Amino acid sequence: MEFIWEAPTEAETIAFANALAQLVGPGTVLAVDGDLGAGKTRFAQAFAAAIGVPGIVNSPTYTIIKEYVGRALPFYHMDVYRLSLAEADELGLDEYFHGEGVTLVEWASIIQQILPLERLHIRIETTGPVSRKIICSPVGQKYEEWCRQLERKQLEHVTRRNRQHESKHK
Amino acid sequence: MSASNNTANVAKAANAGSLSPNSSYLLLAIETSCDETSVAVVRDGRNVLSNIISSQIDTHRQFGGVVPEIASRKHVESITIIVEEAIREADISLENIDAVAVTQGPGLIGALLVGVVAAKSLSLALDVPLIGTHHIAGHIYANHLIGDIVYPALALVVSGGHTELVLLEQEGKFRIIGRTRDDAVGEAYDKVARALQFPYPGGPYVDKLAQEATEEVVLPRSWLEPDSYDFSFSGLKSAVLAEINRSRMKGESPDFSALARGFQNSVIDVVTVKAMKAAKEFGVKQMLLCGGVAANKGLRERLASLCGDVGLPLLIPTNKLCTDNAAMIAAAADLKWRRGEFSTLDLKAEPILSLEDWSVGS
């Protein structure tokens, strides 16, 4: 099942990152795709903040992998744009995927063949200057369950947001 | 790892500290933090006898052409050849080496490991001290290979993976006062180059296109908070993409050279204005430009002109010394050699390594 989070503003993208962050554990793999400027790194920053990575999380395009220490888990932030599949294969990414932390891969579709069997695909589509459509496609039972939980979290979030909106305009 | 190995290094450390200032020494340095395998032989921390960079040697003569070297296996394939080439070109023999320096971090763990293992092996086999070195300290001290650094100095580090303003209140003491919150300058150039349909890495094409442009699409400047020396370039990248989209929606073809000029001017304005402001606030006596993007013509010219206006001396390494290379690692390692601050053989490659913590005396 596919799960879609509509994010009309950057704040709503951050809200999605917060909801997702509540589900992660060791060995989580988030395979992120989206065009240049879609906000993959922005999403990664929001996600990192949500799992308690202190300080600046900046682009890993040049260095390919940046490692951080979060509140409970290490965070491995990758950008595989400038790698070929063969080069990525030689980097030994498996050690990260099956490691102690959470891996977020930008431009993940480039290395589709060497991603672990279970992962959550997250596609960020640009629908306007600040609005984004975030499409999650789970691979494996664990991530299918995540999508069901995300659906509940989305409902809670929207209800909460609407209530705040109403109280502000009373 | 036996305890006696560490003891041997500590003993060496004591010896080096007591070397007379006149005694000459030879340092072999290794850099494998990212794409390049590089080995240099440097006399007395400043005199470069050889500085071999894998992508710049005649690969057809040496081996079957294996660049770029992102994968650590590629570093493994080339490290021995490049060490030999560095020794040969320096016209010395391995036994003449007095110390071995290596990039300890930051960088890709697999790539760093190759250099670290090679350096440890050489240190152990030759029984000479090992000096784990910070990659960015290397970029900054590349300036010491072309001139004298006067303190306090301010370094503007602009490369593919880094954009930082580093204050050096005294020799070997690093304080980061600003850094990028998203893309490094080099990344921003390469991403805009992608939007302008240049192949990766396209930064140099954007520089060239901007130089040749007759028109400019004026793009926003990202100054962040008034008192911040941090940088942000991802909004600028989005502005370029938005301009391209706007043109296409109107059925026009976007003016790539005017966009390149607009992008370049925005980046250069922000980095140079922040650098000059910091130079004034901290009362520095010299500006140091370094990192791969220091080869950018537009940036060099603007910074030179702004420094000239206020009479602030500016150092910029040659293009070869701006890119990732081992001579710069030797230049930074010299700081530690002169203070007898050596690493033990249990030195670890550190993908995240703090520049400030690498300062001398810490």
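Trainee: In this predicted model, which residues does B:Val157 touch, leaving aside those up to four places away in sequence?

Mentor: B:Val157 touches B:Ile136, B:His139, B:Ile140, B:His162, B:Thr163, B:Glu164, B:Val166, B:Cys290 and B:Gly291. B:Val157 itself lies in strand 6 of chain B, residues 153-158.

Trainee: Why does B:Val157 count as buried?

Mentor: The cut-off for buried is 20 or more other C-beta atoms within 10 Å. B:Val157 has 25 C-beta neighbours inside 10 Å, so B:Val157 counts as buried.

Trainee: What makes B:Gly160 buried?

Mentor: B:Gly160 has 24 C-beta neighbours inside 10 Å. B:Gly160 is found in the loop between strand 6 and strand 7 (163-168) of chain B.

Trainee: What does B:Gly160 touch, not counting residues up to four places away in sequence?

Mentor: B:Gly160 touches A:Tyr62, B:Ala184, B:Gly186, B:Glu187 and B:Gly292.

Trainee: Where does the label "binding site" come from?

Mentor: The label comes from UniProt, in an unreviewed entry.

Trainee: How many residues of chain A and chain B are in contact?

Mentor: In chain A, 18 residues are in contact with 27 residues of chain B. Strand 3 (65-69) and helix 3 (85-90) of chain A each supply at least two residues of the side that touches chain B. That side of chain A divides into seven nonpolar, seven polar and four charged residues.

Key:
Residues are numbered from 1 along each chain as its sequence is written. Chains are lettered from A and ligands numbered from 1 in the order in which they are written. This is a predicted model: local features need pLDDT of at least 70, side-chain atom pairs count only at pLDDT 80 or more; totals for chains, interfaces and linings use all residues. Two residues are in contact if their C-beta atoms, placed from the backbone, lie within 7 Å. Helices (H or I, at least four residues) and strands (E, at least two) are DSSP runs, numbered from the N terminus. Ala, Val, Leu, Ile, Met, Phe, Trp, Tyr, Cys and Pro count as nonpolar, Asp, Glu, Lys and Arg as charged, and the others, Gly among them, as polar. UniProt positions are given in the numbering used here, feature names are shortened, and annotations may be inferred rather than shown by experiment. A residue is buried if 20 or more other C-beta atoms lie within 10 Å of its own, exposed if 12 or fewer, and partly exposed in between; C-beta atoms are placed from the backbone.
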